[in-house]
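This report covers a sheet, one of its residues and a pocket. The structure comes first.

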Amino acid sequence: MHLQINPHIARLICSRTGEEVGNNDWSRPIGLSPAGFPVTIEYDLGAVASLSVATRTGLWTHRNLLPVWNVPDGYAADVGTTPTIRSAALSDRLGVDLWVKNENTNPSGSFKDRGLAVGVALGTALGAQGFFLPTQGNAGVAAALFSTRMGLLPCEVTMPEGYQGGFYHRAVEHYGGNVTFAGANIAAAGVAAREAMAGEVAAGRRVDLSTFFEPGRLEGKKTMGLEIITQFEDTLPDWIIYPTGGGTGLVGIWKAFTELRAIGTLRTDQKLPRMAAVQSEACAPVVEAFARGDETVSGVTSLGTIADGLDVPGAIMGHSILQVLRESGGTATAVSEDAIEGAFHDFARVGVPAGYETAATLAALETLLRSDTIEKGQRVLLLNTGGPSVALAKSMP
Ligand SMILES: Cc1ncc(COP(=O)(O)O)c(C=O)c1O
């Protein structure tokens, strides 16, 4: 396999300072910027002639806007191109034009496949032999899956102590990952994983796939935004409601819109969707920072939420999340654990396969309708980031 770096990449920049990062000769994996913030990839958009390569299926349909090329079809042909379906039942009930993008058709069952497929491919193209990450959920499963597909060393996955024997532990091992346990939460697991892997990272052998610690995951999540534009064409949603943890999807979708506007796929007179971030009241650092008008997201103490993917008490890319919410004229809202549980069952009653994180988006829509932030008749897209199987497995005796 001769992976190739996209020749249309113009530069790598520090997402916080805007400074160009290093003089990268593509000889080693990319980590955080020297200032300690996430690095983002900028393309020479004038040179990117078109979005699609028609002969491909799956994620690399969008290869002109992905950082790595020559990825074999079998690696990620089944990732992405997920169905976006109108729910007539929920539209009627709520008085909006409601659409759901169903990410659980991805191979490991969640939208995490998009980011991890690109993160693993990019790290491999830059010489890594293996990967590691802390996780309390779907990201570890996807990282193990794509490390195996790439034929690399087993992915080293660190989980908080309480996850021993649980669904995610078993799923990571199922796809060939090695699991260790450390600390009470993902932050503590991350500290332990980074300490254990410091030598490997310094040597360029292993890449830290933690959210936003390398730029590939953001590029992969961006493909949700590319698909939203191709799926809705001239009738874009008025609102997109996104279940926000680390915020990769939210920032990624907006990056897609920005790039497509620069290329000319999106006309300058087309009104972009407003972005709404939803979190649980039990762990809402983004919502609190947005309400205060802050520029960055400060850490909180999570009280614990049934929506694992939203149990993220800080956000290293908080500055970009808040910028997207404000630039899009969007908002951030927190919903109660009871509302999440209720919406989980509401989805099931109309036959939509949604997990707790997605349930939070439906609960948020109801809140935003009550406050007239979203108006009756508007077109709303909910991101169904993962299905109900984890929630159902967890509630088994
Ligand atoms: C199902 C699900 N939805 C949403 C999220 C939050 O995603 P993001 O990091 O893009 O904010 C996660 C993250 O773990 C998740 O697993």
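Which helices and strands each supply at least two residues of the lining of the largest pocket?

## Largest pocket

They are strand S7 (130-134), helix H4 (138-150), helix H6 (186-202), helix H7 (216-232), strand S11 (239-243) and helix H8 (248-263). H6 gives the most, with 4 residues. Helices (H or I, at least four residues) and strands (E, at least two) are DSSP runs numbered from the N terminus.

The lining has 40 residues, and Ile186, Thr211, Gly245, Gly246 and Val312 lie nearest the pocket centre. The space in this pocket is about 710 Å³.

## Basis of the model

This is a predicted model, in which local features need pLDDT of at least 70, side-chain atom pairs count only at pLDDT 80 or more, and totals for chains, interfaces and linings use all residues. Residues are numbered from 1 along each chain as its sequence is written, and side-chain values use heavy atoms, without hydrogens and water.

## Open sheet

Six strands form an open sheet with mixed pairing, in the order S5-S6-S14-S11-S12-S13. Its edge strands, S5 (84-86) and S13 (331-335), each pair on one side only; pairing requires at least two DSSP bridges. S5 runs antiparallel to S6 (residues 97-102) over 3 bridges, with Thr84 opposite Lys101 in S6.

## Asn384

Asn384 belongs to strand S14 (residues 379-384). Its relative accessible area is 0%, so Asn384 is buried (under 20%, 1.4 Å probe, protein chains only). The contacts of Asn384 (heavy atoms within 4.5 Å) include Val100, Lys101, Pro353 and Thr358. The Asn384 side chain reaches the backbone oxygen of Pro353 at 2.9 Å.

Conventions:
Buried < 20%, exposed > 50% of the residue type's maximum accessible area, 1.4 Å probe, protein only. Polar contact = N/O pair within 3.5 Å; in protein donor to acceptor, adjacent residues only side chain to side chain. 1 Å grid on protein atoms, 1.4 Å probe; cavity = no way out; pocket = protein on both sides within 12 Å on 5 of 7 lines; lining within 4 Å. Points joined across faces, edges and corners; volume = space filled by probe spheres on them. Lists of a residue's contacts leave out its neighbours within four places in sequence.
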